[in-house]
Structure formats: structure tokens, C-alpha cells
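Open the structure in your viewer and keep the selection tool ready. We will go stop by stop, and each stop tells you what to select.

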Amino acid sequence: MSVRQSLLAILDQGPCYGYQLRAEFDRRTGSTWPLNVGQIYNTLERLERDGLVERGAVDERGHVYWEITAAGRANVRDWLGSPVERAHGTRDELAVKLAVAATLPGVDVGAVIRRQRTASLQQLHQLTEARGAGADASDPEELARSLVVDSMIFAAEAETRWLDHLERRLGEQPLQAMQLALSTDRPKRGRPAKTPA
């Protein structure tokens, strides 16, 4: 999951300080994957090192507001414009990407979904071809390979069904109802409250 890209996309909406970024990330992802503030500041320092953000104004409380650079804006456009490469982990990058994209003003989330669906269908086609490549299911190694390929096929099929579902759900909402402006509430320090399961 790309915390880095999500933070950049949020900063593309306006300057934020570290705790504010954490609160914005939580808001845009339903607090499903709380971030450690240390992770936020480490990420901001790496983004600064890479020329994607810079330190801005400091308020009366000492909060340093981080601002996105032109290179950072281009990076956000590239991220939103390219499909997610699936990786193993506890956070689903595609779900986070689409949740954040759906809440950002000016992002055509339908186009983001369509690009992902195209990539997912292409992967499904390649996997289906790979399943038929080694047809000897009596061979234990071939059986094991086909089980893994089948798992990947089912995951790709589920992803395309989920993308269809998401497109329908978002189509039922007025576009402006989904957009989240940066919150003016000052986030409290400490861990975010846990939501009941």
C-alpha cells in the first residue's frame, strides 16, 4: 500500500502538517489502516528529499505545513493514472487508492476504475492462458501450479466484480457528495479512536 502516494495526493489539495495528514488519511480510508505519526514524518522527509514536497509556513503552535511541489503534483497524476500492481500485505492498495481518489475534488474516479478494470481483465486473460499451458493435472507439480494459477484467476475475477460494484455504487452518488475538503478541525494527538467492528 502506498502511504507515500496517498499523502502526496492529499497534499495536492493544500498544505497540511503531520497530524493533519494522518487525520486526513484516516478520514479518506474509513480509519481502516491507522498510520503511525512517525511513519508520516519519515515519509514526508523522504518526499522532501525526493523534491516532491517542501516545508512551508509554521503556525503559532509550531506546526510545520508541508506543501506539494510541481514534481509532486506530476507524481500524483502518474499514480492516479496507472493501475495498481498487486502485492502481498495487510493493506489493499487498490481499495485505499480508490477510496482516496473518490474523495478528492477534480479526480475522475470513473476513469481510475476503468483503467484498473482494463489492467485486471488483461491479467485475467494472461492467467487463463497460463492455466491451459500445462495440462497434465496428474503431475503433482503441475497440479500445484494450476492450483496457484486458479487462485490468482479467482482473485482477478473477484477484483473485476468488485470494480463493477464500486462503479455502480459511486454512480448512485452525486459527485460533489463524495468529495472531502481538507478538514479545519485540528486533529488530536495520540492514537485514533477504534471504531467498533
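**Stop 1: the strand pair.** Select residues 53-58, strand β1, and then residues 64-68, strand β2. This is a predicted model. In it, the two strands pair in the antiparallel sense, over four bridges. Now pick out single partners. Click Glu-54: its bridge partner in β2 is Glu-67. Click Arg-55: its partner in β2 is Trp-66. As you trace along a strand, keep a general rule in mind. In a regular strand, side chains alternate between the two faces of the sheet.

**Stop 2: the turn.** How many residues lie between the strands of this hairpin? There are five. Select Gly-62 in the hairpin of β1 and β2. Gly-62 takes a positive phi near 90 degrees.

Stop 3: Is Tyr-17 buried or exposed? Tyr-17 is buried, with a relative accessible area of 3%. That counts as buried because the cut-off is under 20%.

**Stop 4: helix α4.** Select residues 70-80. Colour Gly-72, Val-76, Trp-79 and Leu-80: they are buried. Look down the axis of α4. The buried residues fall within an arc of 90 degrees, so they line one face of the helix. Now turn to the other side of α4. There, Ala-70, Arg-77 and Asp-78 are exposed.

**Stop 5**

**Stop 6: a buried glutamine.** Select residues 3-11, helix α1, and find Gln-5 there. Gln-5 is buried, with a relative accessible area of 10%. What does Gln-5 touch, leaving out residues up to four places away in sequence? The answer is Asn-75 and Trp-79. Zoom in on Asn-75. The side chains of Gln-5 and Asn-75 make a polar contact at 2.6 Å.

Methods. Residues numbered from 1 in each chain as written. Predicted model: local features only at pLDDT ≥ 70, side-chain atom pairs only at ≥ 80, totals over all residues. Heavy atoms only, no water. Buried < 20%, exposed > 50% of the residue type's maximum accessible area, 1.4 Å probe, protein only. Arc of directions from axis to C-beta. Pairing = 2+ DSSP bridges. Polar contact = N/O pair within 3.5 Å; in protein donor to acceptor, adjacent residues only side chain to side chain. Contact = heavy atoms within 4.5 Å.
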